[in-house]
Amino acid sequence: MDMSDTGAIKPALATQAQTLARISAVCCTDAQAGLTAEDVPAAERILAQLDKATLLLSAGGLELLRAAAHADAPSEALEKLLARAYRQMQQNGSQERLQHFVCSLPQTTTCRAQFGAALRKSGLQEFDPDTPFDILDWCRSFSGHPELDTFERLAMACASGYGGDLLAQDCDAVEVVVNRSNLTSRANSPGYHRLLAAGGEAFPDSAKIKRQLLRIKRTQKDIRGGLKMARELTRHPDANLNDFFFRFSLLNQLDRTQVSARYVRMIRRAADRGTAPRDVVAGRLWAASRPAHALEVLGPIRDWAKDPQSATVGLRSFIGLRRFREAWQLLELADTSKLSAGLVGQARRAMIYLNRHAIPTKAGEDAALPVLRFWLSQIRTLGKPTYEAVPRRVLLSTYSMGIGGAERQVAALAASLCSDPELESLDLLMHTQSQSSYEMDEHGGKARGHFIHQLLEDHPEDSLRKIPLYDDISKHCGLFGLGHLYRAIRAIHILRPEVMHVRGGLQAEMAAASLLSRCPATLVQFGSMTRGYQSSGTDLDSLRENLVEKAMSLMARDSDITIAANSREAADDWARAMDVRAERVDVLYNAIDETRLGFDEVTFRAPDASRAPVMGSVFRFAPVKDPLLWVEVAARVAQAIPDVRFLLVGDGPIRAALEKRIAALGLTDRFELPGLITEGVPEWLAKMDIFVMTTRTESLPNSVIEAQLAGLPVVAPRVGGIPEAVAGPDTAHLTERSLDALSEAVITALKDIEWRKNVYRTAPPLIRDRFSPTRQLQVTRAAYGW
């Protein structure tokens with residue numbers, strides 16, 4: 001403007017005066033006041049001056065901000081001023097004032113959107129799927145925020161389990177809620193499960209929701225459903241190594257180890273040919289529980305330590321194998337800022353502990369055994385006993401009481417022990433609960449069953465941590481692959497046994513806990529051959545097996561511990577594995593209680609040549625039992641004896657493959673597959689004429705003992721402790737484990753009616769004598785030192 005043009009100056013001054021007047025009115029919080037778009041630049045200048053003078057949050061300053069935002073689309077300068085006011089109010093903690101101010105702004109402002117997003121985030125952390133409508137009153141107090149409409153749809157999904165009303169913008173909200181740590185621990189929350197189902201239906205491509213659905217299926221032991229979900233996850237664009245890990249873990253639980261093994265061979269070939277990146281191949285091998293294989297693919301640490309992806313896989317592998325010396329070397333070379341803080345911290349904690357106590361470990365060595373050796377050497381530091389044992393009280397430890405031969409023997413052992421009038425009480429300690437389990441008999445109040453997690457929850461006081469050695473173990477046992485050790489020590493101190501009898505599962509940790517608790521007597525009884533016979537063949541399985549064998553070898557040197565197995569063959573097998581003399585491992589045979597099993601309620605039919613024969617068996621449909629070979633034997637027998645029928649009692653992961661093979665051989669009409677039988681096994685044995693096994697190995701098979709007690713001739717491979725389970729050499733045909741040998745033995749036996757009649761007469765009394773509960777109690781008492 002030309003300043004000499006006085007005609008133009010007057011209108012401009014008048015306009016400025018009007019602007020200032022309106023700004024002044026706004027600052028004085030005149031309810032009728034407002035600004036025009038032309039007033040905004042001047043308002044911004046005044047607001048900037050107020051900001052410098054720290055008066056932006058004054059009543060006038062906030063009113064001017066609000067009015068400027070409503071007058072025109074906020075400029076970048078105004079948005080910055082709004083953001084500053086927003087942050088200052090947040091820092092001052094004036095939530096109510098902040099809410100009032102933001103709600104008075106236009107919805108187009110960034111500040112309003114940020115506040116709405118913050119409200120939504122806060123609400124998602126408070127949202128409870130089991131009382132989903134409670135949050136709606138809170139939402140109504142923030143009217144005008146469409147971001148909060150999500151909560152009404154979430155509430156409906158939690159109530160109905162239906163995902164059809166959820167919108168695309170709700171996906172992240174569902175992901176946040178279902179992944180909240182305080183909710184994922186709610187195993188029985190109906191609202192959480194309904195929201196998860198609704199989210200899975202509405203957002204089938206969400207990897208975060210799929211992972212929680214997979215977790216639920218694993219918790220519910222829905223292995224097949226979990227495997228399907230894991231397969232989908234590993235094909236997802238956002239798949240991670242843990243997704244592959246769970247897929248392989250579920251395959252192994254289904255005993256589909258051949259699938260895992262084929263995959264491992266395939267990716268190893270890809271690595272050898274250079275057709276797949278080294279870090280990708282190593283990652284998949286780690287996920288397949290082959291961390292040692294992964295490290296072989298990666299090669300020397302110095303070659304890959306600088307690559308974050310390779311370093312992550314390498315660190316996971318070293319930690320999984322408990323090779324902490326090499327993990328430490330890797331951390332010295334790698335950029336740790338690009339690695340998982342949790343993994344780095346885990347490796348550092350382990351090495352700090354090893355160095356502090358001068359525990360020697362070598363490169364390539366599992367640190368668990370040196371640490372256990374160190375802890376056992378510290379028992380002398382405990383001074384006087386840390387609990388007073390109750391005379392004649394026995395703590396019998398087993399992994400579970402799920403349906404199975406070993407678990408049935410635990411129940412039989414408990415019954416034998418409770419028949420002893422000198423027994424004060426028997427505590428049965430279980431580490432996990434199976435979907436199908438044997439019921440715990442209290443035996444007139446002498447026996448009590450405990451799940452270890454519930455026992456510890458019922459006794460939350462933990463004075464043991466006042467003792468330095470126990471405190472040390474509690475903090476570090478999980479780090480060194482002995483995660484059950486401290487819990488076992490606590491359980492022993494709560495139950496105060498005179499005898500610790502480890503009958504199945506976690507043998508090394510339970511035995512170590514007994515020694516560290518200075519229990520007066522410890523008996524470790526193996527109910528199977530060494531674990532390698534039933535292993536899935538992974539590096540981690542080998543690691544666990546080696547730890548059990550080496551730890552038991554270490555503890556076998558302690559004269560206070562008795563080691564036994566339920567057959568001579570198994571005892572010798574364990575002695576070799578532990579590198580101890582054969583006589584160091586005793587034999588405690590299983591017992592068969594006819595009355596308890598219901599044998600005295602069943603009449604077993606004598607062999608009859610005029611009746612169509614039935615070839616039968618009872619076992620778990622798992623690879624170690626080789627049920628597919630059993631079907632092939634049946635097919636051969638059917639060719640030789642046209643009227644033969646087949647009865648196969650049991651269930652397991654190979655059932656589908658078994659049924660498919662039976663159908664392919666045209667034998668469906670001849671087979672009866674009643675499934676899992678928890679009671680009434682003698683009734684099924686009474687329908688058989690011959691009992692056939694095709695197992696790869698056995699320690700002392702209960703099913704063979706029970707078949708002979710029923711007067712049935714047995715055909716089985718000469719493996720493991722099967723020769724010790726039969727009544728005598730004339731009551732069974734034991735052969736090599738091949739299709740030809742087994743088929744020929746079955747056909748010969750079925751055609752020899754006189755031999756079958758002789759077995760029917762002679763086998764039962766021989767079994768009753770050798771495997772009686774009275775004899776079992778005598779040898780068990782001797783093992784206790786009673």
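In this report a residue is called buried when its relative accessible area is under 20%, exposed when that area is over 50%, and partly exposed in between, with a 1.4 Å probe and protein chains only. The model is a predicted one, in which local features need pLDDT of at least 70 and side-chain atom pairs count only at pLDDT 80 or more, whereas totals for chains, interfaces and linings use all residues. Residues are numbered from 1 along each chain as its sequence is written, and side-chain values use heavy atoms, with hydrogens and water left out.

**Helix α32 and what follows**

Helices (H or I, at least four residues) and strands (E, at least two) are DSSP runs, numbered from the N terminus. Helix α32 spans residues 655–664, and R655, L658 and I662 are buried in it. Viewed down the axis of α32, these buried residues fall within an arc of 60°, so they line one face of the helix; the arc is that of the directions from the helix axis to the C-beta atoms. An α-helix has 3.6 residues a turn, so residues three or four places apart point the same way. The exposed residues K660 and A664 are carried on the face of α32 that is turned away from its buried side. The cover over the buried residues of α32 includes α31, β9 (645–649) and β10 (671–675), where contact means heavy atoms within 4.5 Å.

The loop between α32 and β10 holds L665, which is partly exposed with a relative accessible area of 28%. When neighbours within four places in sequence are left aside, L665 is in contact with V631, E632 and A635. G666, which follows α32, has a positive phi near 70°.

R496 has a positive phi of about 55° although it is not a glycine, and its place is the loop between α26 (485–495) and β4 (499–504). D626, likewise a residue other than glycine, has a positive phi near 50° and is found in the loop between β8 (614–618) and α31 (627–640). Are these two residues buried or exposed, or do they fall in between? R496 counts as partly exposed at 31% relative accessibility, while D626 is buried, with a relative accessible area of 12%.

Q708 counts as buried at 0% relative accessibility, and E706 is buried with a relative accessible area of 3%. Not counting residues up to four places away in sequence, E706 touches R408, I592, L597, F599, V681 and L685. With its neighbours within four places left aside, Q708 has contacts that include P713, V714, V726, A727 and G728, and also T731, V759, A763, P764 and I767. Q708 and I690 are 18 residues apart in sequence and 9.8 Å apart in space, C-alpha to C-alpha.

**Two helix pairs**

Axes are lines fitted to C-alpha atoms, for helices over the stretch in contact, and angles run from 0 to 180 degrees between N-to-C directions.

| Helix pair | Angle | Axis separation |
|---|---|---|
| α17 (residues 291–298) and α19 (residues 308–320) | about 140° | 9 Å apart |
| α4 (residues 76–92) and α6 (residues 110–126) | roughly 35° | within 9 Å |

The angle of about 140° between α17 and α19 makes α17 oblique to α19, given that angles under 35 degrees count as roughly parallel, over 145 as roughly antiparallel, 65 to 115 as roughly perpendicular and the rest as oblique. In this pair, P291, A294, L295 and L298 of α17 meet S310, V313, G314, S317 and F318 of α19. The residues of that contact divide into six nonpolar, three polar and no charged, where Ala, Val, Leu, Ile, Met, Phe, Trp, Tyr, Cys and Pro count as nonpolar, Asp, Glu, Lys and Arg as charged, and the others, Gly among them, as polar.

In the other pair, E79, L82 and Y86 of α4 meet T110, C111, Q114, F115 and A118 of α6. The contact of α4 with α6 is made up of five nonpolar residues, two polar and one charged.
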